[in-house]
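I have opened my notebook and have the structure on the screen. Let me write down what I look up, one entry at a time.

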Amino acid sequence: MNLPLLELRRQPGRFVVATVVLGFLATLLLFLGGLLDGLYLGSTGAIRAQNADVFVYSESARDSFLRSRITAEQRAAVESAPGVQDVGGLGFVLLGAVIPGEADLADVAVAGYELPPKGVPAPPNDGEGIADSRLQDAGASLGDTLLVGPQRSPITIIGFVDDSSYLLQSTIWVSLSTWRSVQNVNRPDAAVGDTVVQALAVRGTGDLVTSIDTATDGDTKSLTKPEAVLSLPGVKQQKDTFNQIIYSTLAVVLAVVGLFFSLLTLERLGLYGVLKAIGATTRRLFVGVVLQAVVVAVIAFAAGSILALFATAALPASIPLQLTPARFVSTFIGLLVAAVLGSAISLRRVTKVDPASAIGNAS
Amino acid sequence: MTVLDMRDVRKVYRSGDADIVALDHATVQVEHGEIVALLGPSGSGKTTLLSIAGGLLTPTEGAVVVGGHDISEYDAKQLTEFRRENVGFVFQSVNLVPFLTAEENLLVVDELGGGKGGKAAITRARQLLDELGLGHRLKNLPGQLSGGERQRVAIGRALFNNPKLVLFDEPTSALDTKIGAQVMELIQSEMKARDTAAIIVTHDTRMTTYADRTVHIVDGRLDADAVGADH
């Protein structure tokens, strides 16, 4: 016989309001987290997919692929740096693309590469590309020839790959020469020479960042992969903003649980007095409060998750909401921690219940 | 054999700059199987005396020995354990756990003592409730029981652990005269049948007829003439 669980089972009405409120808060937390994940994953896929330890930018690029230019001489210096094993050039250009049979332009990122990212084969022939699967949602099919940029540069799709978008745009993975050609024709203001790339993806061992930047005499700035992901435009700001909102929502959860169980404890002071009088310890009563808060949080999370899944399915695809297993786990843990901390607010009140209060007015 | 031995017990509460003496050099003994009625007006100290006898309060001065345990210097944790194993309580108002059946309200005592509500505990609870005339009410919640039945369940709970001493705090105050008398008769018969000592706090002189002895308390002092007068 477990008193707290029996109370939940036999008097569920007492816990309905708190469960419903926490359920909606769980849905909100999942929505916020899902939006954050959707934005983050959609913005960073092309970089996360890289099989690289370090990315090398030109020193003046301020950690931006689009502003960076690496010359053949700089590349040679990087290749000679201690610990460097593999080096591949990278280049991105953001353009609109005409998909056969589609009226609207699709936003794409044409990405030139040498070291194949995860799921992407070796660089294809010039004029061919492997597209992010988002482009399928936009109407592209295998074998389609897309006309890219204002000059309508043709790229034929020979394959698709998941989770490799760049700044929420579908990446089309092409050879470096195709990228240069597309870049130079459609963005003549940002044209690059035959041996120039925007950045280098580097694999190796040891302190690559220091060894590379030393080898280039400070002409380059190297970032680790996690740093490169966060340096993409807006990614860190989105992450920080959403995390702040998520933490604030968790604080609301804590306040709701705290308030609810404080009121419940207040209602139970008489009963707690009787239970203490007949031998219940403060610890036992307090653990009961925490246990109830945890169960309420678990039920609220389950209900909130179902609601979030239904609501997500009903949302238009243009909203970058992505519910990942990791987000469910982190939201669940967040709710549990907030529930435990919130219910702990009642500890002082439970501790102060005088068993003598069970008898008359003595205390 | 003496079950409760309180000697020269004082209880003083601090209120601002003033000391309020709730119990003033109280000395009382209760023997096995003896039922003592504690009679006094409101604020006379009878509740304080009951609380100290049951290990709910510690005395400011004096010695309290219950069932051979000198609890005068026990800390809160020791008192909790002491109460769980040695004293039964029947309270006046908030009493039973509202979401537990009659049977489960008795099993609470077993659970608080670390039991798992096993077969032996269930048998004991059912047997007690049967003896108290509630064999047909085992699965009823307190809200489905009458006032008299609720007090009978509370008596069963108080007796569950075979305590040496049972303390009753105005057990009939919420009952009408007829039901109150029935409950008192039940208390008397159950205590005598088990040879269990009991103190019954009441302000209803009619209830003293069910006691072996009546102790009067006024302004925290036990009435010297009354102590042992009916014994």
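**Entry 1**

I began with what lies over the buried residues of helix H9 (269-277) of chain A, and the cover includes H10 and helix H12 (347-352) of chain A, together with helix H2 (76-86) and S6 of chain B. I noted that helices (H or I, at least four residues) and strands (E, at least two) are DSSP runs, numbered from the N terminus. This is a predicted model, where local features need pLDDT of at least 70, side-chain atom pairs count only at pLDDT 80 or more, and totals for chains, interfaces and linings use all residues. Residues are numbered from 1 along each chain as its sequence is written, while chains are lettered from A and ligands numbered from 1 in the order in which they are written.

How many residues of H9(A) are buried? I found 7 of its 9, and that makes the helix mostly covered. A residue counts as buried if 20 or more other C-beta atoms lie within 10 Å of its own, as exposed if 12 or fewer do, and as partly exposed in between, with C-beta atoms placed from the backbone. Among the buried ones I listed A:Leu271, A:Tyr272 and A:Lys276. After H9(A) comes A:Gly279, with a positive phi near 120°.

**Entry 2: where the chains meet**

Next I looked at the contact between the chains, which takes 20 residues from chain A and 25 residues from chain B. For a contact, the C-beta atoms of two residues, placed from the backbone, must lie within 7 Å. On the side of chain A that touches chain B, helix H1 (3-10) and H9(A) are the elements that give two or more residues. H9(A) again: its 4 residues are the largest share of that side. By class, I wrote down 12 nonpolar, 6 polar and 2 charged residues for this side. Here Ala, Val, Leu, Ile, Met, Phe, Trp, Tyr, Cys and Pro count as nonpolar, Asp, Glu, Lys and Arg as charged, and the others, Gly among them, as polar.

**Entry 3: the two domains of chain A**

I saw that chain A is divided into domain 1 (3-43 + 235-358) and domain 2 (47-230); such bounds come from an automatic or database domain assignment. Their C-alpha centres lie 44 Å apart. The contact between the two domains takes 7 residues from each of them. On the domain 1 side, helix H2 (13-48) and helix H8 (235-267) of chain A each give two or more residues, and H2(A) has the largest share, with 3.

**Entry 4: a sheet in chain B**

I traced an open sheet of 6 strands in chain B, in the order S6-S7-S8-S3-S9-S10, with mixed pairing. Two strands pair if DSSP finds at least two bridges between them. Which strands are at the edges? They are S6 (87-90) and S10 (221-222), and each pairs on one side only.

S6(B) runs parallel to S7 (residues 165-169) over 4 bridges, and B:Phe89 stands opposite B:Leu167 there. Another 4 bridges join the parallel strands S3 (residues 35-39) and S9 (residues 213-218) of chain B, where B:Leu38 faces B:Val215 as its opposite. S9(B) and S10(B) are antiparallel, with 2 bridges. In their hairpin, with 2 residues between the strands, B:Asp219 takes a positive phi near 50°.

**Entry 5: the nonpolar cores**

B:Leu38 came up again: along with B:Ala53, B:Ile199 and B:Ile200, it has the most contacts inside the largest nonpolar core, which has 104 residues. A nonpolar core is a set of buried Ala, Val, Leu, Ile, Met, Phe, Trp, Tyr and Cys residues joined through C-beta atoms within 7 Å. Helix H10 (residues 282-314) of chain A gives the largest share of this core, 9 residues. Leaving out residues up to four places away in sequence, I found that B:Ile200 touches several residues, including B:Leu38, B:Phe168 and B:Met207. Another core, of 55 residues, lies apart, and A:Phe92 and A:Trp179 are among its members.

**Entry 6: one residue up close**

Why is B:Val30 called buried? It is because 24 other C-beta atoms lie within 10 Å. I placed B:Val30 in strand S2 (residues 18-31) of chain B. Its C-alpha atom is separated by 9.0 Å from that of B:Leu165, 135 residues apart along the chain.
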